[in-house]
Amino acid sequence: MDEDNADLVYTPPPSSRSECRMRRKTTQPPQETMQQFWDDFNSKFPGLVNTVLPDNPYARTKAARTPKGVIQGQHASKSYEQARLECQRAVERIAKECERLNQKYTDPHFDIEVDLKCGRRNYLEGLAQQNLEMLPRGVKRVTEIFEKPEFYINGPTASDVRQGRDGDCWFMAALCTMGNKDGLIEKVCVARNEKVGVYGFVFYRDGDWQQCIVDDKLYLRAADYDESVEERPIWDDINRIDTEEEYRKVWQTGSRALYFAQCVDENETWLPLLEKAYAKAHGDYSAIEGGFVGEALEDLTGGVTSDILTSNILDKDRFWKDELMQVNKEFLFGCGTGLFSNWLDPEYRGPPRDRKGISENHSYSIMEAREIDGQRLLRLRNPWGKKEWTGAWSDGSEQWTPEWMAKLGHKFGNDGLFWISYDDLLKKYQHFDRIRLFNDEWTVTQQWTTLNVPWSADYHSTKFVLDVKNPGPAIIVLSQLDDRYYKGLAGEYEFVLKFRLQKEGEDDYFVRSHGNELMCRSVNVEVDLEAGRYHVLMKVTAYRNRDKLPTEEAVRRLAPIRRGKLLQIGLSYDLAHAKGIVQETPEEKQAREEREERRKAAERRKLRDETKKRLQKEWIRIRKLEARQRRLEERLASKSQTGPVKSSEAAEEIVVPDGPVKSPSDLPISELKLTEKDPTPSVHSNGNHAPSSHARNRNFLSFRDNYHTSHHHHHHSEYLDGFEFDSDIDMPPDEPTEIRTPTRTSCSGDGDANSEPWNAVCVVGLRVYSKDSQLSLEVLRPVPEDDVEASLDMDDPAASAASEKIVVSRLVEMQDGAHV
């Protein structure tokens with residue numbers, strides 16, 4: 001080998017065994033050590049914090065109202081209509097109260113002016129961490145900011161949207177998408193009284209529509225003239241006719257004065273107020289930073305989102321014709337790129353990289369899909385309202401002709417709107433968020449429950465059961481609670497959901513959930529179902545994030561220092577988790593009580609047997625002691641009559657420990673020796689050739705074991721004469737006994753499994769959309785003695801080894817028979 005290439009020689013690392021610590025001394029079989037490790041690894045007290053706030057009556061009330069048992073479907077729009085009417089009534093009541101008092105409405109639960117100027121920042125920052133990048137300088141009402149404020153000017157459209165100084169591009173992109181379809185944004189903004197300054201909105205959260213009411217105060221980029229510290233000194237350097245009024249018009253007037261989202265029109269107000277309501281619903285503006293377009297579209301439309309990776313599309317022509325061409329009809333679409341852009345440089349903290357004008361880790365809206373003269377083109381929008389695609393079909397590119405400009409109705413300008421070819425779309429964008437919309441033809445039914453999630457991530461024994469009466473399409477959605485609403489209290493575990501669907505009575509499934517690869521909030525599947533009963537088996541995988549605190553620990557730390565914020569977020573947490581409180585049905589309660597009775601009866605029988613054996617043992621011991629005492633008295637009486645006993649005779653006597661003394665005739669033959677002169681058997685000690693102490697002990701133990709084995713039952717039955725046992729008298733009373741866990745030495749290392757045991761608990765809900773109004777849904781919880789594990793997925797690497805070969809062989813025989 002050349003010396004120049006010596007450095008290229010690969011040297012394998014040393015064996016890990018050579019560097020490992022010395023193995024600790026084993027004190028039990030390996031399997032028991034393994035079992036002990038897992039016993040220590042899992043929490044002895046598994047469970048979930050259901051309520052953060054002390055004695056929360058609102059959570060109790062909501063838990064009591066949660067439907068139980070078998071749930072029938074209802075119209076998909078029913079929850080929305082209830083929330084809309086409730087919101088409208090609330091806005092009307094507030095407006096009447098304010099008019100009576102001659103006061104503008106001030107939201108007592110989200111007063112951003114007092115919060116900002118008092119330095120609390122509860123409505124800007126989350127519960128667990130500061131956000132030093134959000135630095136609004138002032139707060140004013142809509143009527144003070146806008147000269148001629150109007151909620152809508154020519155209706156809400158995608159062109160109105162312009163993102164502000166927070167990271168909610170995903171939310172802005174969703175509004176752009178909705179603005180391209182008539183009526184969608186109006187369904188969210190359901191009530192307002194602009195004179196009083198009160199606005200009502202509805203959002204979809206965890207399967208239900210909920211209202212959110214806000215006042216008309218908005219954050220500004222610049223402080224008031226009289227309060228300004230940075231802007232005013234510079235402004236005052238120039239002589240002006242009316243310095244204060246000119247300052248207000250430049251810095252605090254119109255949409256451009258707003259710190260967060262703003263409409264393009266200087267007097268349109270719907271966007272900043274909608275963003276404020278969305279922030280209030282989640283607790284603060286920081287909570288709505290970072291997300292996916294599909295999540296926001298679900299919250300704003302009540303639809304179902306599926307994320308689609310470009311690399312996973314099987315038939316690109318079918319994707320174009322069946323899905324993208326249905327945009328703004330049956331589906332809405334968002335897209336993004338740069339999912340793993342920094343995986344080779346994880347420390348990168350610079351601005352998003354650029355891909356021909358497309359920003360990485362940024363959300364875009366798909367506004368329109370057109371196929372003209374063999375060209376497949378799509379119109380997209382950047383929610384920034386600027387910065388566009390620079391490739392083919394971009395503004396000013398060679399593809400544009402006057403004819404194409406007329407066909408597509410396009411105008412050049414840096415307004416965030418651009419066209420891109422279908423091929424370039426698939427090359428530049430890595431994922432799509434597709435949202436299915438529902439009309440009045442659809443019904444929905446849902447149920448929630450709580451699952452203890454094992455470390456091994458198996459299919460859970462708790463399952464959902466669908467009863468389908470009429471065949472037809474169905475969309476099945478398995479979701480977890482949206483923890484964006486209670487950031488800082490979500491706990492240390494993150495969950496990934498999966499499920500599969502199988503017919504009742506069958507072991508194999510016929511469809512599994514697909515996606516979501518990026519959005520962990522829910523997974524879904526679309527399937528056509530025949531009439532019958534179906535089981536939904538869930539597989540939840542938990543991951544522990546060591547950087548996050550358990551809920552109970554977070555509350556303990558935050559309660560003394562952030563009371564107001566904890567009350568706000570804690571109430572949201574409690575109301576969300578009220579869905580997961582398991583309410584027993586009468587049948588489940590009866591079954592549980594019967595199981596408990598059987599368990600108690602079995603324990604009572606076991607205790608009775610143990611008590612009886614113990615009392616029998618005590619009885620036998622007393623009888624043996626009495627028999628020994630009688631024999632001793634008899635021997636003493638015999639000695640007093642015959643005189644002193646010779647030493648040679650005394651040497652021949654053997655005393656059997658812990659048992660009655662027997663004559664030599666009862667001893668085993670091997671221990672006796674017969675002489676010619678005296679045919680009476682006697683025990684010899686062999687004089688000068690005495691056996692060693694080990695031999696004597698061994699012979700004695702052998703004699704003792706043989707004797708005890710052959711006479712054990714005989715002596716017990718002999719001494720049990722007169723023994724009585726009565727459960728009512730001899731059994732201990734039925735009192736709860738404290739279960740004491742024996743102290744054991746942990747098999748884990750220092751600070752390992754014992755210090756932080758595994759305690760992952762997830763609240764999950766199943767929603768089923770269908771056109772079958774009679775479809776019903778229930779939760780089936782396992783009976784412990786009947787609990788059977790689900791079979792592995794067919795593509796699981798262990799599936800073949802775990803399956804029953806006899807089943808496979810029978811299938812082969814059936815196939816052979818069919819061929820014959």
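Let me begin with histidine 362. Setting aside residues up to four places away in sequence, histidine 362 touches Gln163, Cys169, Cys335, Gly336, Thr337, Asn382, Pro383 and Trp384. What you are looking at is a predicted model, and in this model histidine 362 sits in the loop between strand E13 (358-359) and strand E14 (363-372). With a relative accessibility of 4%, histidine 362 counts as buried.

The entry, which is unreviewed, gives the feature "active site" at Cys169, His362 and Asn382. These positions span 214 residues in sequence, but no two of their C-alpha atoms are more than 8.8 Å apart, so they gather at one spot.

Now asparagine 382. Its place is the loop between strand E15 (375-381) and helix H14 (402-408). Is asparagine 382 buried or exposed? It is buried, at 0% relative accessibility. Beyond its neighbours within four places in sequence, asparagine 382 is in contact with His362, Tyr364, Lys387 and Gly416.

Next, leucine 175, which belongs to helix H7 (residues 169-179). Leucine 175 is buried too, with a relative accessible area of 1%. Its contacts, again leaving out neighbours within four places in sequence, are Val161, Ile185, Trp270, Leu271, Leu274 and Leu300. Serine 365 is 190 residues away from leucine 175 along the chain, and their C-alpha atoms are separated by 8.7 Å.

Further along is glutamine 502, in strand E21 (residues 493-503). Glutamine 502 is buried, at a relative accessible area of 7%. A polar atom of the glutamine 502 side chain lies 3.1 Å from the backbone oxygen of glutamate 506. Contacts of glutamine 502 outside four places in sequence include Asp507, Tyr534 and Leu537.

The buried residues of H2 are Gln36, Asp40 and Phe41. Seen down the axis of H2, they fall within an arc of 135 degrees, so they line one face of the helix.

Last, confidence. The chain averages a pLDDT of 82, and 80% of the residues score at least 70. Over residues 737-751 the pLDDT stays under 50, and the model has 18 contacts there beyond four places in sequence. Residues 805-814 also stay under 50, with one such contact. Where pLDDT is low, the predicted coordinates should not be read in detail.

Notes: Residues are numbered from 1 along each chain as its sequence is written. Side-chain values use heavy atoms; hydrogens and water are left out. pLDDT is the predictor's confidence in each residue, from 0 to 100. Contact means heavy atoms within 4.5 Å. Buried means under 20% relative accessible area, exposed over 50%, partly exposed in between (1.4 Å probe, protein chains only). Helices (H or I, at least four residues) and strands (E, at least two) are DSSP runs, numbered from the N terminus. The arc is that of the directions from the helix axis to the C-beta atoms. A polar contact is a pair of N or O atoms within 3.5 Å; within protein, one must be able to donate a hydrogen and the other to accept it, and residues adjacent in sequence count only if both atoms are side-chain atoms. UniProt positions are given in the numbering used here, feature names are shortened, and annotations may be inferred rather than shown by experiment.
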